[in-house]
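Me: Here is a model I would like to go through with you. Let us take it in short questions and answers.

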Amino acid sequence: MSTTFTRHADRPFTADPVEEADVIIVGSGFAGLGLAMQLERDQNQSYLVLERADDVGGTWRDNTYPGVYCDVPSHLYSYSFRPNPDWSMVRSPGHEIYEYLQTAAREEGVLPQVRFGTTVLDAAWDEVSATWLVTTNKGTFRGRFFVPAMGLLSDSKVPEIPGMETFGGELFHSAAWDHDLPLTGKRVAIIGTGATAIQLVPELAEVAAELVVFQRSAAHVLPRRNRAYTPAERRMFARVPESRQGLRSAMFWFTESTFGERRRLPQSVAQVKAAVDSFREAEVPDQALRAALTPDYEIGCKRLLYSDDYYATFGRDHVSLETSALARIEGNTVIGASGNAYEVDVIVMATGFAAARPPFANIIRGREGVLLADHWATGMEAYQTITVSSFPNMFLLSAPSAATGHTSAVYTIEAQVQNVMEALDWVRANDCAVLEVRADAEAEFVDGVDRRGQGTVWTEGGCNSWYLDPGSGKLTLIWPDLAYRFADEISHFTPAAYVATPHRPRTDR
Ligand SMILES: Cc1cc2nc3c(=O)[nH]c(=O)nc-3n(C[C@H](O)[C@H](O)[C@H](O)COP(=O)(O)OP(=O)(O)OC[C@H]3O[C@@H](n4cnc5c(N)ncnc54)[C@H](O)[C@@H]3O)c2cc1C
């Protein structure tokens with residue numbers, strides 16, 4: 001074994017001097033934990049997980065707003081190697097997924113390796129020692145391999161609204177919900193009509209005295225039709241593993257069957273359009289309101305949303321739809337681009353995340369100090385969605401071209417984790433110090449993904465979504481193909497695409 005570092009599980013954490021591990025992972029969401037669990041099972045490499053928050057869970061720890069649910073069925077939106085027969089519902093509430101991740105991290109034994117409250121401020125490739133130096137608020141860490149798994153939906157995006165500083169009420173982002181703030185009887189504005197807003201709007205309408213929803217563009221909505229699993233079903237999932245495996249497989253292939261509309265296959269589009277239109281017609285009898293809630297772009301261009309009660313909420317007397325963007329704030333008055341003004345006590349920003357230009361790209365420096373954000377000047381890209389030339393020994397998880405618009409993110413994360421585990425095995429077997437993807441391999445892979453993106457609803461569907469790079473307009477976030485092809489093409493390490501440098505004795509430390 002070529003590793004020179006030791007495991008730290010039994011050693012108490014000290015910020016200084018430097019802690020070291022073979023693999024430094026940043027982030028303890030599905031991606032970071034998924035890799036940590038495999039490394040823990042494997043026992044061949046030491047690892048540390050750096051996490052800025054005080055618990056694991058990522059998305060599902062941070063998003064606790066009322067009504068937070070996963071759109072993807074839970075037997076599919078979970079690790080294949082950690083089935084949970086006890087999901088309470090077909091699509092779980094956020095807190096259940098959070099608890100699932102907490103339990104998984106504890107039972108898989110990764111918690112001793114997680115450094116909580118540790119924010120990565122800078123990560124730089126050190127040519128001399130062939131290691132990554134990771135600077136945090138708790139000191140510097142050193143790793144032979146560096147794995148940013150920092151999420152694309154983990155840094156909130158709050159637009160600068162003129163007059164924001166004059167607002168006398170409470171203003172917060174949906175991912176930083178203040179559960180101590182009573183909303184009962186308050187006048188509330190919610191900004192945005194994306195995946196979060198659609199879950200929040202019916203909940204806010206239950207408690208607010210008045211609710212105004214600022215909509216820049218309407219959403220395509222299908223009924224959610226969630227339901228609780230019966231005790232008998234849960235017993236069956238626990239006792240007969242094949243039953244939940246079969247269900248997971250059926251769920252996966254059902255979601256794959258919806259990919260046709262993203263490829264704009266006429267029959268698939270017609271089918272889903274009929275379902276969306278008839279749902280809106282049934283739920284919104286008022287013609288003018290229905291027109292205002294009808295999107296002007298193709299289905300799937302932005303995330304297709306699921307709610308049983310979103311549309312019906314607009315039929316309530318105390319709920320208003322403002323069909324323009326929030327343009328300015330004057331004291332407690334929020335004013336739309338239309339000129340319409342509303343008096344409010346609370347503003348909820350359901351305005352999404354810094355997804356296509358993730359902040360972590362501004363703190364990662366590769367060979368000769370090159371900044372990842374500069375390498376990504378025209379948008380995020382990576383070979384097999386994981387490795388980047390000039391950034392040796394770095395494996396990205398859940399970043400460029402790794403999201404899917406139609407199925408479970410955990411599925412693509414697992415394919416990436418398998419690739420990284422194979423890469424680490426290969427490096428060990430070949431006694432290699434530095435592994436770097438060839439620039440031509442990266443470019444060829446990215447060209448292939450770009451080509452597949454052409455003609456999809458994401459590039460041709462007439463909307464401006466967060467899946468596109470805001471500078472170049474390139475589709476950089478989404479894997480523009482079926483998910484099973486992602487697994488086929490991504491889950492295996494391909495040594496031929498890399499330059500591998502043999503292990504050198506370390507004389508610098
Ligand atoms: C409200 C909501 C609903 C969603 N619903 C679905 C769904 O239905 N289906 C689906 O497939 N996907 C959904 N997603 C997407 C979801 O983000 C992914 O499915 C998945 O959870 C991402 O996991 P991750 O580990 O990549 O990132 P995250 O879960 O975001 O984890 C990243 C971690 O990195 C940490 N971190 C970031 N920067 C630093 C730093 N500088 N230093 C230290 N730590 C850092 C963060 O604190 C966080 O814990 C949803 C997202 C949101 C926000």
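This is a predicted model: local features need pLDDT of at least 70, side-chain atom pairs count only at pLDDT 80 or more; totals for chains, interfaces and linings use all residues.

Me: Which residue does the side chain of Arg-357 meet in a salt bridge?

Reply: Arg-357 sits in the loop between β16 (346-349) and β17 (364-365). Its partner lies in the loop between α14 (457-460) and α15 (483-490), 112 residues apart from Arg-357. The N to O distance is 2.7 Å, and the partner is Asp-469.

Me: Is Asp-469 buried or exposed?

Reply: The cut-off for buried is under 20% relative accessible area. Asp-469 has 2%, so the residue is buried.

Me: How many residues apart in sequence are the parts that Arg-452 and Glu-489 tie together?

Reply: The two side chains form a salt bridge at 2.7 Å, N to O. Arg-452 is partly exposed at 23%, and Glu-489 is partly exposed at 31%. Arg-452 belongs to helix α13 (residues 439-453) and Glu-489 to helix α15, so the linked parts are 37 residues apart.

Me: What separates Arg-280 and Asp-277 in helix α8?

Reply: Their side chains meet in a salt bridge, 2.6 Å from N to O. Arg-280 is buried at 5%, whereas Asp-277 is partly exposed at 23%. Both lie in helix α8 (residues 266-283); because they are three residues apart, the separation is about one helical turn.

Me: How many salt bridges does a search of the whole structure find?

Reply: The pairs above are among them: Arg-280 with Asp-277, Asp-469 with Arg-357, and Arg-452 with Glu-489. Searching the whole structure gives 26.

Me: Which residue in β15 is the bridge partner of Val-334?

Reply: Strand β14 covers residues 333-336 and runs antiparallel to β15. Three bridges join the two strands. For Val-334, the partner in β15 is Tyr-342.

Me: Which residues does Asn-63 contact, leaving aside its neighbours within four places in sequence?

Reply: Asn-63 lies in the loop between α2 (59-62) and α3 (94-107). The residue is buried, at 7% relative accessible area. Beyond those sequence neighbours, its contacts are Val-68, Ala-175 and Phe-353.

Methods: Residues are numbered from 1 along each chain as its sequence is written. Side-chain values use heavy atoms; hydrogens and water are left out. Two strands pair if DSSP finds at least two bridges between them. Helices (H or I, at least four residues) and strands (E, at least two) are DSSP runs, numbered from the N terminus. Buried means under 20% relative accessible area, exposed over 50%, partly exposed in between (1.4 Å probe, protein chains only). Contact means heavy atoms within 4.5 Å. A salt bridge is a side-chain nitrogen of Lys or Arg within 4 Å of a carboxyl oxygen of Asp or Glu.
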